[in-house]
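Open the structure in your viewer and keep the selection tool ready. Each stop below tells you what to pick and what to look for there.

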Number of protein chains: 2
Amino acid sequence: MSITQPPAKSATSSDSTSAAGEVLAHLERAWNDGDGHAFGAVFTEDADFVDIRGDHHAGRPAIAAGHQGIFDSIYRGSTVSYSAESAREVAPGVVVAVAGGRLEAPTGPLQGVHRSHFTLVLVERQGTWAVTAFQNTLLMEQR
Amino acid sequence: MSITQPPAKSATSSDSTSAAGEVLAHLERAWNDGDGHAFGAVFTEDADFVDIRGDHHAGRPAIAAGHQGIFDSIYRGSTVSYSAESAREVAPGVVVAVAGGRLEAPTGPLQGVHRSHFTLVLVERQGTWAVTAFQNTLLMEQR
């Protein structure tokens with residue numbers, strides 16, 4: 001690109017993938033640290049979260065508290081890894097990503113490996129990306 | 001509001017609810033008619049759909065064909081009703097909605113009533129609302 005041509009303002013596919021990657025890395029670290037506050041911190045105040053049971057949690061405080069609850073009980077000591085399968089800018093400053101999740105629980109009633117697919121809606125707020133919607137569904141074959 | 005003040009340009013909460021309602025009514029009609037093409041028609045060409053099995057369908061053709069497949073087999077003769085629980089404009093021309101679904105299958109291996117929660121991402125394209133992401137999860141208590 002010539003230096004007389006500034007880069008386009010809209011996010012490229014690469015920017016969308018990078019945004020999703022940054023957010024997923026944050027969520028992974030928070031989960032693996034068992035830190036519900038840190039998990040919630042990347043969500044917008046008014047975010048929606050639909051979990052694998054189909055339950056709808058509205059707002060960052062409910063999302064943070066709900067995750068601390070599972071980190072302290074059924075998912076204690078569990079680890080996750082996430083990878084984006086797709087990431088698209090659907091409007092300026094809004095990215096929709098679909099990602100795969102792998103959760104390993106070392107003990108308890110959910111001991112084992114669980115895989116899921118989730119949709120994330122990311123919005124740019126003051127130069128950083130935040131999650132404003134998240135829905136997670138377990139892959140059927142493992143139910 | 002004084003007539004000297006024009007209405008704000010951004011969508012109001014009422015606009016978001018109305019957008020979600022229109023799209024949900026379209027999806028209900030298409031499902032109840034068993035019409036996969038009509039079901040797919042309200043999605044963007046590049047939409048993402050994650051179904052209750054956790055399977056990821058990328059693009060309108062896959063979404064339409066996948067629905068025709070279930071309308072012709074396991075969900076033949078079934079009816080759905082949808083209602084929006086929340087609808088928010090997350091950026092100009094982008095609405096995130098969370099809705100409840102009730103599906104009744106009259107016969108077959110899935111005979112009965114199934115409830116779910118789903119997240120919809122709606123984008124405004126040439127003055128109409130289209131679905132660019134949809135993820136659906138069955139409520140756990142009925143599994």
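Predicted model: local features only at pLDDT ≥ 70, side-chain atom pairs only at ≥ 80, totals over all residues.

**Stop 1**

Select the strands of chain A. They form an open sheet of six strands, with mixed pairing. Which order do the strands take across this sheet? Reading across, the order is E2-E1-E6-E5-E4-E3. Now look at the two edges. Strand E2 (56-58) lies at one edge and strand E3 (79-91) at the other, and each pairs on one side only. Neighbouring strands are turned by 15° against each other on average, direction ignored.

**Stop 2: from E3 to E4**

Select strand E3 and strand E4 (residues 94-105) of chain A. The two strands are antiparallel, and eleven bridges pair them. Pick Ala84(A): its opposite number in E4(A) is Ala99(A). In a regular strand, side chains alternate between the two faces of the sheet. Follow one strand along and compare its side chains with that rule.

**Stop 3: from E4 to E5**

How many bridges join E4(A) to E5(A)? There are twelve, and the strands run antiparallel. Next, select the turn that links them. E4(A) and E5(A) make a hairpin with six residues between the strands. Gly108(A), in that turn, has a positive phi of about 85°.

**Stop 4: from E5 to E6**

Select Ser116(A) and you will find Leu138(A) opposite, in E6(A). This hairpin has two residues between the strands. Look there for Gln126(A), with a positive phi near 50°.

**Stop 5: helices on the sheet of chain A**

Select helix H1 (residues 13-32) of chain A. Which strands does H1 lie across? The list is strand E1 (43-50), E3, E4, strand E5 (112-125) and strand E6 (128-138) of chain A. H1 runs at about 150° to E3(A). Then select helix H3 (residues 60-71) of chain A, which packs on the sheet and touches E1 and E2. The direction of H3 makes about 55° with that of E1(A).

**Stop 6: over to chain B**

Hide chain A for a moment and select the strands of chain B. Here you find an open sheet of six strands with mixed pairing, in the order E2-E1-E6-E5-E4-E3. Its edge strands are E2 (56-58) and E3 of chain B, each pairing on one side only. Neighbouring strands in this sheet are turned by 15° against each other on average, direction ignored.

Now select E4(B) and E5(B). Twelve bridges join these antiparallel strands. Ala99(B) has Phe118(B) opposite in E5(B). In their hairpin, with six residues between the strands, Gly108(B) takes a positive phi near 85°.

Move on to E6(B). E5(B) and E6(B) run antiparallel, joined by ten bridges. Phe118(B) stands opposite Asn136(B) in E6(B), and Val123(B) has Ala130(B) as its bridge partner. In the turn of this hairpin, which has two residues between the strands, Gln126(B) has a positive phi of about 50°.

Finish with the helix: H1 (residues 13-32) of chain B lies across E1, E3, E4, E5 and E6 of chain B. H1 of chain B runs at about 150° to E3(B).

**Stop 7: where the chains meet**

Show both chains again. How many residues does each chain bring to the contact? Chain A brings 33 residues and chain B brings 33 residues. About 2,500 Å² is buried between them, and carbon and sulfur atoms give 52% of that area.

Select Asp48(A) and Arg88(B) to see a salt bridge, 3.1 Å from N to O. This pair crosses between chains, from strand E1 of chain A to strand E3 of chain B.

The interface also has 22 residue pairs in polar contact. On the side of chain B that touches chain A, strands E1, E3, E4, E5 and E6 of chain B each supply at least two residues. That side divides into 15 nonpolar, nine polar and nine charged residues.

Note on methods. Residues numbered from 1 in each chain as written. Chains lettered and ligands numbered in written order. Heavy atoms only, no water. Pairing = 2+ DSSP bridges. Helix = DSSP H or I, 4+ residues; strand = E, 2+ residues; numbered from the N terminus. Axes fitted to C-alpha atoms, helices over the stretch in contact; angles between N-to-C directions. Contact = heavy atoms within 4.5 Å. Buried area = accessible area lost by both parts, 1.4 Å probe. Polar contact = N/O pair within 3.5 Å; in protein donor to acceptor, adjacent residues only side chain to side chain. Nonpolar A, V, L, I, M, F, W, Y, C, P; charged D, E, K, R; others polar. Salt bridge = Lys/Arg side-chain N within 4 Å of Asp/Glu carboxyl O.
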